Amino acid sequence: MRLAVLGGDGFIGWPTTLHLSARGHEVHIIDNLSRRWIDTELGVQSLTPMDSIQERTRIWHQETGRRIHFHLIDLARDYEVMKRWLADHRPDAVIHFAEQRAAPYSMKSDRHKNYTVNNNVNASHNLLNALVELDLDAHLVHLGTMGVYGYSNVGAAIPEGYLSVGVETLDGETVSQDILYPANPGSIYHMTKCLDQLLFQFYAKNDGVRITDLHQGIVWGTHTDETRVHLQLINRFDYDGDYGTVLNRFLIQAAIGHPLTVHGTGGQTRAFIHIQDSVRCIELALMNPPKRGDKVKIFNQMTETHRVRDLARIVSELTGAQVAHLPNPRKEAVENDLVVRNDQFLALGLQPITLQDGLLSEVIDVARKYAYRVDRSRIPAMSAWTKDIAPTLERDPEGKRLKSVS
Ligand code: USQ
């Protein structure tokens, strides 16, 4: 297949690109390199040293003989350029990662809120609009988030996208309807993914666009089979308070002797998936597209759920790291349970990699190797969800906030 990977230079976009190229597809990365600019804005860098995208693709060709093509296009802003590219290349499928993906970054200031909404919603809409305008029947595979559901626990498992509800008619009968599971975003970033869902619903219904939306949990790990091929193919690995995600952060913190930064009691339960499974799921979704006229196909892309404080305990037992309970910068439930259905990927043959599989140590080894690149002052999460929360976050990361260490 000819594939366009939008956002193919990012944390999941890059290993996905390699995975699909390794399977013989013709892969084109479309990216505006915004993630690299955000590193510069925040004054942080990936824990792992990352080469330019051109150098990465050169090394891939050197090692495998396969070509990955790179096109510098801003999907959210360069609609006409993007449309022309689609018209010229007519890909069989488009994999859409080209969105600002960090909840803390999206909550930093009014400017960051505007940026995240404008970038994410425009990117998705521009793409849908162009596909219809060009009569291009490409399968659109979108990376969504488990966060659209809101993690709330009503004592039932979260289904894959749709909820069957009974609606009472005027005659007093009950008719059954499948509706999108009620959206309940916990950040501006998560809100944009909820808005994406509505865009997809409309374009699938009105224009027959074939769409798969992957509601992914928190990704952990860094290497995949293909990023291991050469040192310069290494994936990016974020540890800072805005882009680092919880389990990877704990593993890096343990590797450098920093207390594990648990927000509040750590009672938050979230869904997780290893990055190797993430790229495998995207491939499975690509191979199993919906038919034209079908409603949006939604998968829950996760393999297990864990409570934050349990993750801290597991990492602490593995490494001897201390655990710190910090004021929570977020407005989120102090404690929640989470049960999630993921039957569809399991039925397609996914064999989950779990925390038990020994890969936690691999991440710690990577973190130890590159520990010299860590700026400890960038570890605490300083983006407050509300103006009331902001004063509770002290600016001194090695000071009072980390005193409550157990
Ligand atoms: N947390 C800590 N300590 C930390 C960092 C996070 O206790 O040092 C807590 C947070 O308060 C939160 C939970 O861990 O309760 C998860 O935070 P996270 O930063 O790992 O994940 P999140 O902000 O939800 O976002 C990440 C990705 C996002 C993806 C989402 C999937 O950045 O792109 O959509 O995970 S999900 O969480 O399932 O919605």
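## Strands E4 and E5

In this predicted model, strand E4 (residues 93-96) pairs with strand E5 (residues 139-145). The two run in the parallel sense, over 4 bridges. Ala93 stands opposite His139 in E5.

Helix H6 (residues 110-133) packs on the sheet. H6 touches E4 and E5, and also strand E1 (2-6) and strand E8 (211-216). The direction of H6 makes about 170 degrees with that of E4.

## The parallel sheet

E4 and E5 belong to an open sheet of 7 strands. The order is E3-E2-E1-E4-E5-E8-E12, and the pairing is parallel. Strand E3 (68-72) and strand E12 (297-301) stand at the edges. Each has a single partner strand, so one side of each is left without a neighbour in the sheet. From one strand to the next, the twist averages 20 degrees.

## Strand E1 and its partners

E1 is mostly covered, with 4 of its 5 residues buried. E1 pairs with strand E2 (residues 26-31) in the parallel sense over 5 bridges. Here the bridge partner of Leu3 is Val27 in E2. E1, helix H1 (residues 13-22) and E2 make a β-α-β unit, and this unit is right-handed.

E1 also joins E4. The two run parallel and share 4 bridges. Ala4 has Val94 of E4 as its bridge partner.

## The mixed sheet

A sheet of 3 strands is also open. Its order is E9-E11-E13, with mixed pairing. Strand E9 (218-220) and strand E13 (304-307) stand at the edges. Each of these has a single partner strand, so one side is left without a neighbour in the sheet. Direction ignored, neighbouring strands of this sheet are turned by 45 degrees against each other on average.

Strand E11 (residues 269-274) and E13 pair in the antiparallel sense, over 4 bridges. Thr269 has Arg307 in E13 as its bridge partner. Two helices lie across strands of this sheet. Helix H8 (residues 246-255) lies across E9 and E11, at about 35 degrees to E9. Helix H10 (residues 308-319) lies across E11 and E13, at about 85 degrees to E13.

## Cysteines

The count of disulfides, taken as cysteine sulfur pairs within 2.5 Å, comes to 0. Cys194 is buried, at a relative accessible area of 7%. Cys281 also counts as buried, at 1% relative accessibility. Both values fall in the buried class because the cut-off is under 20% relative accessible area.

Methods. Residues are numbered from 1 along each chain as its sequence is written. This is a predicted model: local features need pLDDT of at least 70, side-chain atom pairs count only at pLDDT 80 or more; totals for chains, interfaces and linings use all residues. Side-chain values use heavy atoms; hydrogens and water are left out. Two strands pair if DSSP finds at least two bridges between them. Axes are lines fitted to C-alpha atoms, for helices over the stretch in contact, and angles run from 0 to 180 degrees between N-to-C directions. Contact means heavy atoms within 4.5 Å. Buried means under 20% relative accessible area, exposed over 50%, partly exposed in between (1.4 Å probe, protein chains only). A crossover is right-handed if, with the strands pointing away from the viewer, the path from the first strand over the helix to the second runs clockwise.
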